[in-house]
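Here's a quick tour of one model, going through its charged contacts and a few other local details. Have a look at the structure, then read on.

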Amino acid sequence: AGMRIAFACRLERPKNFTPDFDYPMFLAKDGIGYVCRQSERADLLESDWLGRVWSALYVPKHALEEALSQVLTEPEAGLAKGLLLGGDNYLPQSLKEAFTRVGLSHMIAVSGYNIMLIAQMLLFLGLACGLWRKQALWFALVGIVFFIIMIGLPASAARAGAMAGIVFVALEMGRLARPVRTLIFALGVMLLFNPLLLRYDIGLELSFLATLGILLLMPYYERLAPKNTILKKGGEVLYMTVAVELFVLPIILLSFHTFSLFIIVGNFLVILVPLAMIGSFVSALLFLFIPGAEVIMAWAAFGVLTMITRSVEWLGALGGSTLVVESFSVWHLVLWYVILGVTLLGMKKYFPVKRYAQ
């Protein structure tokens, strides 16, 4: 990161590979208008001040990657890197495909869920270090910003970070932000700078809709939840999975024309994600700052990560785990969201719930 490269090539306008995917506009959302063909040479140049700044920002990421590789074995180390740093490029191809077949590829993407877990860890760390509550909030907010920059500013992380930032600032001011309005405001700010994200960044679309589904439907779970703690937690995961799928399924069917039949079962593994993230993160920190003290925590993290990887591999290996839906169109998508919207309005009218504090 931060390197300057001198090269010569032939510039071309990008072209579509398939008729159902607009590759030129997919690149345009990231400010890319041309692709480079037939490169003749590539020479590394001395970095300027901006490059050195970017390079310095990536130092913690590389240190964390190396620490995780030292304290964990593969593929568990790759999964830990995916959970903490985002992206499935750390996983072997077979495991990556298994996550996709089971419908859990979102688990290893930097989403609002991952960002909020990291924010909670930073908040706890700040309080543990003796910071006052407001100081710990600002510590967590700065940490989130630094984390998002470090991993390359992906759209889903930027949206989640913007929402978390607004909530934290509201908490610092003594107010509880209304999450749905916060989510829409964060999306609006992003689209103000890059309107193409709304149409050509499916990751942002799925992340926004998944978060919206949780915010709109989870308050009703309190009225349905059993008193038993274990049953309540298990039911919460099931309910949350259904809530998310109701909002994201039309986009998935329209874009990929596939649906995982094991999405409900697979999403129970999400319960293990916080344990895996915290265990991996603490193990890496102990390895970096107190070598030798990470052994017990690393074994605990390895056990949780192994449960996730083995379960995903087993579910992904089952035959007929993916359903192909070729006929789903834009009109089906519109009809789905109209019915969903009308249903939500009816629930709000006949089953009112207290959502957020003023």
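Which residue forms a salt bridge with Glu-12? Arg-10 does, with the closest N and O atoms 2.1 Å apart. A salt bridge here is a side-chain nitrogen of Lys or Arg within 4 Å of a carboxyl oxygen of Asp or Glu.

Before going further, bear in mind that this is a predicted model: local features need pLDDT of at least 70, side-chain atom pairs count only at pLDDT 80 or more, and totals for chains, interfaces and linings use all residues. Residues are numbered from 1 along each chain as its sequence is written, and side-chain values use heavy atoms, leaving out hydrogens and water.

Searching the whole structure turns up three salt bridges:

| Pair | N to O distance |
|---|---|
| Glu-12 and Arg-10 | 2.1 Å |
| Arg-310 and Glu-76 | 3.6 Å |
| Arg-310 and Glu-313 | 3.9 Å |

Arg-310 and Glu-313 both sit in helix 16, three residues apart, about one turn of the helix. Shared partners join Glu-76, Arg-310 and Glu-313 into one network. Buried means under 20% relative accessible area, exposed over 50%, and partly exposed in between, using a 1.4 Å probe and protein chains only.

For context, most peptide bonds are trans.

Trp-299 is exposed at 61% relative accessible area, whereas Phe-302 is partly exposed at 24%.

Finally, helix 9 (residues 179-193) has 15 residues and reaches 22 Å from its first C-alpha to its last. That's close to the expected 21 Å, which is 1.5 Å times one less than the number of residues. Its buried residues include Leu-183, Leu-187 and Met-190.

How values were computed: Helix = DSSP H or I, 4+ residues; strand = E, 2+ residues; numbered from the N terminus.
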